[in-house]
Amino acid sequence: MIELDTWPDTTAKQWRVSHSHPHRNVNNCTHATTAAQLYSGSTHSNLETCLDDVRIWLSSHPGAGPLVVKLELKAGFATSHGMGPSQLDALIAGHLGNMVFRPADLLPRPAGGSYTTAADAARADNWPTRSELAGRVLLYAIPGSDTPHPDVELGHHLRDLAATGDIGRARVFPAVHGATAGDPRTAYEDTAIRPWFVVFDGDASTYLDGLNTTWYDTNHYLLTMTDAHKVAPALSATRPSSTQVRARTRQLATAHATIVSSDWRQPPDAQSLVLPRGHPGSRNTAERCGDGRTDQHRIGKPSK
């Protein structure tokens, strides 16, 4: 999983990528045209360049994936300035093309027709297998601190596209941010947008504090547990031992995480660790994105 913190710069009409600077890019994205150029040259680029880097890397590693790109919309959208969900969809389509696994790609029924909503499809375990998702990118977005939240705007966006038969235009899954008890989608007053949320993202320690995470696994929803190093006993945020990483990732996989995230830089073998999701010792019959495996990848946060 790669995390990109984005800000809409309405003056320059660019999506900036930075953890804390809304008007300039602070990251390690490079202006590459080949895979060899991804690790050298100038950095601090906008979202378009970061997505180009993802496309170039994945094109040179066609058997890899799925890659998950987590967009933290630090200041939400600026729809009235031409930087809303539709424009973000178009930008992603222009730079990642058919690599993107869209919400619409979750909907087709194996026997023909399609499910009405993303939640219907997920509960039916309609996710492709991991091998079928090789070379693909799944993007989801979480809100920053703006009001109204971009997760609501994205939910409305998918609801409206589906109503007009244009759901294929959507490129981003909206995510519910924050670990809470029960079905956290009930916090959305508009019940029509709730079924478009099948991705959930929150603090690992909170999920482990008595919450029923089986619900996510049973419904085949994607669950990212963040700040894995903070779960007691706390580990190093950047360089725990290989044994510690494997044990912590296995602990959270057992607790039904789909993705376990931290800023662990070492050991490299842990960054692509894949384990069964759910009860220890259980064997899943299908290795599906929403069902069978848990991944632990370092979040690619912007460089300081």
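**Notebook: disulfide and salt bridges**

I note here that the model is predicted.

I then checked the partner of Asp-190: the side chains of Arg-159 and Asp-190 meet in a salt bridge, with N to O at 2.5 Å. Arg-159 sits in helix α5 (residues 150-163) and Asp-190 in the loop between β5 (173-177) and β6, so I logged a link between distant parts of the chain, 31 residues apart. Arg-159 is partly exposed too, with a relative accessible area of 26%.

I counted salt bridges in the structure and got 13. Among them is the bridge of Asp-201 with Lys-70, where the closest N and O atoms are 2.9 Å apart. Asp-201 belongs to strand β6 (residues 199-203) and Lys-70 to strand β3 (residues 67-73), so this pair ties together parts that are 131 residues apart in sequence. Asp-201 is buried at a relative accessible area of 1%, and Lys-70 counts as buried at 3%.

Last, the cysteines. I found one disulfide, between Cys-29 and Cys-50, with the sulfur atoms 2.0 Å apart. Cys-29 is in the loop between β2 (14-17) and α1 (47-60) and Cys-50 is in helix α1, so the pair ties together parts 21 residues apart in sequence. The link is right-handed, with 105° about the S-S bond. Cys-29 and Cys-50 are both buried.

Technical notes: Residues numbered from 1 in each chain as written. Predicted model: local features only at pLDDT ≥ 70, side-chain atom pairs only at ≥ 80, totals over all residues. Heavy atoms only, no water. Disulfide = S-S within 2.5 Å. Helix = DSSP H or I, 4+ residues; strand = E, 2+ residues; numbered from the N terminus. Buried < 20%, exposed > 50% of the residue type's maximum accessible area, 1.4 Å probe, protein only. Salt bridge = Lys/Arg side-chain N within 4 Å of Asp/Glu carboxyl O.
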